[in-house]
Amino acid sequence: MQSIDWYWRRLRSMSLPEVLWRVRGKLGGVADRVAHRSRRRILPPARVAGSSGRDGLLKPSVLGHHLRDVDEVLSVPAAWKARAAAAGDK
């Protein structure tokens, strides 16, 4: 850890724009950490991309009209799950 004198000299050697840039960065980091506490939960995929335009945050057209249903998109065949589990056990 540096001495107080070192920090004082470093602060005096900085230009005003650099000091403002560093203060803005620190305040932004604090604001992000405070805001993060209120955004902890991850939304489930069905909530983000609902099968109808009413129950999801995204409209179905954003994902493409060729996708018929969110459950169909999010479902994984049992064979794929078995192969992934077998590969993980190796």
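**Predicted model: helices, surface and salt bridges**

Visitor: Is helix α6 buried or in the open?
Guide: Of its twelve residues, the number buried is zero, so α6 lies largely in the open. Buried means under 20% relative accessible area, exposed over 50%, and partly exposed in between (1.4 Å probe, protein chains only). Helices here are DSSP runs of H or I with at least four residues, strands are E runs of at least two, and both are numbered from the N terminus.

Visitor: What are the ground rules for the model?
Guide: This is a predicted model, in which local features need pLDDT of at least 70 and side-chain atom pairs count only at pLDDT 80 or more, while totals for chains, interfaces and linings use all residues. Residues are numbered from 1 along each chain as its sequence is written, and side-chain values use heavy atoms, leaving out hydrogens and water.

Visitor: Which helix has the lowest confidence?
Guide: Helix α4 (residues 60-63), at a mean pLDDT of 61, whereas α1 (residues 4-13) has the highest, at 93. The chain averages 76, and 58% of the residues score at least 70. pLDDT is the predictor's confidence in each residue, from 0 to 100. Where it is low, the predicted coordinates should not be read in detail.

Visitor: What's the overall secondary structure?
Guide: Six helices and zero strands. Buried residues make up 7% of the 90 residues.

Visitor: Back to salt bridges. How many are there?
Guide: Two in the whole structure, counting a side-chain nitrogen of Lys or Arg within 4 Å of a carboxyl oxygen of Asp or Glu. Glu 18 pairs with Arg 10, with the closest N and O atoms 3.0 Å apart. Glu 18 also meets Arg 22, at 3.1 Å from N to O.

Visitor: Where do Glu 18 and Arg 22 lie?
Guide: Both are in helix α2 (residues 16-38), four residues apart, about one turn of the helix. Arg 10, Glu 18 and Arg 22 are linked in a network. Glu 18 is partly exposed at 22% relative accessibility, as is Arg 22 at 37%.

Visitor: How many aromatic pairs?
Guide: One. The ring centres of Trp 6 and Tyr 7 are 5.0 Å apart and their planes are at 90°, so the pair is edge-to-face. Rings of Phe, Tyr and Trp (its six-membered ring) pair if their centres lie within 6.5 Å; planes under 30 degrees apart are stacked, over 60 edge-to-face, the rest tilted.

Visitor: And how exposed are Trp 6 and Tyr 7?
Guide: Trp 6 is partly exposed, at 34% relative accessible area, and Tyr 7 is partly exposed at 42%.
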